[in-house]
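Opening the notebook on this one.

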Amino acid sequence: DRIKSISTSLRTFSRADTEYKVSANLHEGIDSTLLILKYRLKANASRPAIEVITNYGEIPQIDCFPGQLNQVFMNILVNAIQAIQGSGTITITTSQQAEHVLVSIRDTGGGISDELINRIFEPFFTTKPIGVGTGLGLSIVKKLVETLGGTIRVESEYGHGATFIVELPIKR
């Protein structure tokens with residue numbers, strides 16, 4: 001059952017995108033991404049387990065490129081995992097507002113300072129040590145979200161975590 005679950009999640013996550021958008025269930029994409037990242041969420045020698053809370057609202061399927069959208073979730077979640085030192089929580093909330101779907105990913109990491117928050121989507125900008133990050137993840141995330149006709153923003157209070165909010169049109 002575990003192998004079947006992992007196989008299904010990998011297939012869902014890595015869906016080959018077509019030349020046109022298809023209708024997709026965001027919750028399935030998020031769940032498959034979380035399953036792939038499960039080993040990064042477990043306790044290890046350097047930190048306790050990271051708890052993930054999903055607050056899924058009633059949202060419709062959206063027209064998108066599912067593989068690209070799953071990459072958006074992957075990059076944001078990996079950054080959230082890396083931001084959490086010690087025990088922590090990642091909370092994923094989905095909701096519908098008018099003709100848009102909102103996906104909010106909040107972590108209880110150290111947050112982002114005011115000096116850095118305006119630069120985090122710049123290509124090659126990173127706060128990580130050399131060899132740990134390329135500075136391309138959030139830049140790619142922003143481009144992919146914009147390709148889908150959406151927006152991404154970040155809210156953070158330094159020392160109290162960060163929240164990334166992705167807003168996507170239901171139909172475009």
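I started at V72 and looked up its contacts, skipping neighbours within four places in sequence. I found V72 touching V141, L144, V145 and V166. The model is a predicted one, so I read all of this as computed geometry.

Helix α6 came next, residues 137-147. I listed its buried residues as L138, S139, V141, L144 and V145. V141, L144 and V145 are on V72's contact list too. What covers the buried residues of α6? I found that the cover includes α4 (66-83), β6 (151-156) and β7 (162-169). Just after α6, I spotted G149 with a positive phi of about 80°.

Then I went looking for aromatic pairs, and a search of the whole structure gave me one. It is F121 with F164, ring centres 6.4 Å apart and planes at 90°, so I logged the pair as edge-to-face. F121 sits in the loop between α5 (114-117) and α6, while F164 is in strand β7, so the pair ties together parts that are 43 residues apart in sequence. Buried or exposed, these two, F121 and F164? Both F121 and F164 came up buried.

On to charges. How many salt bridges does the structure hold? I counted three.

I took K142 with E146 to begin with; their closest N and O atoms are 3.8 Å apart. The two are four residues apart in helix α6, so about one helical turn separates them. K142 is partly exposed at 31% relative accessible area, and E146 is partly exposed too, at 40%.

R119 with E122 was my next pair, and I noted 3.2 Å between the closest N and O atoms. I have R119 as partly exposed because its relative accessibility is 36%. E122 also counts as partly exposed, at 32%.

The remaining entry is E155 with R153, whose side chains meet at 3.7 Å, N to O. I wrote down 42% relative accessible area for E155, which means partly exposed. R153, at 39%, gets the label partly exposed as well.

Last stop was R47, in the loop between α3 (38-41) and β2 (50-56). Why do I call R47 buried? Its relative accessible area is 12%, so it falls in that class, the cut-off being under 20%. I listed what R47 touches, not counting residues up to four places away in sequence: R40, L41, K42, I81, I84 and G86. I also checked R47 against G88: they are 41 residues apart in sequence, and C-alpha to C-alpha I get 9.5 Å.

Methods:
Residues are numbered from 1 along each chain as its sequence is written. This is a predicted model: local features need pLDDT of at least 70, side-chain atom pairs count only at pLDDT 80 or more; totals for chains, interfaces and linings use all residues. Side-chain values use heavy atoms; hydrogens and water are left out. Buried means under 20% relative accessible area, exposed over 50%, partly exposed in between (1.4 Å probe, protein chains only). Contact means heavy atoms within 4.5 Å. A salt bridge is a side-chain nitrogen of Lys or Arg within 4 Å of a carboxyl oxygen of Asp or Glu. Rings of Phe, Tyr and Trp (its six-membered ring) pair if their centres lie within 6.5 Å; planes under 30 degrees apart count as stacked, over 60 as edge-to-face and the rest as tilted.
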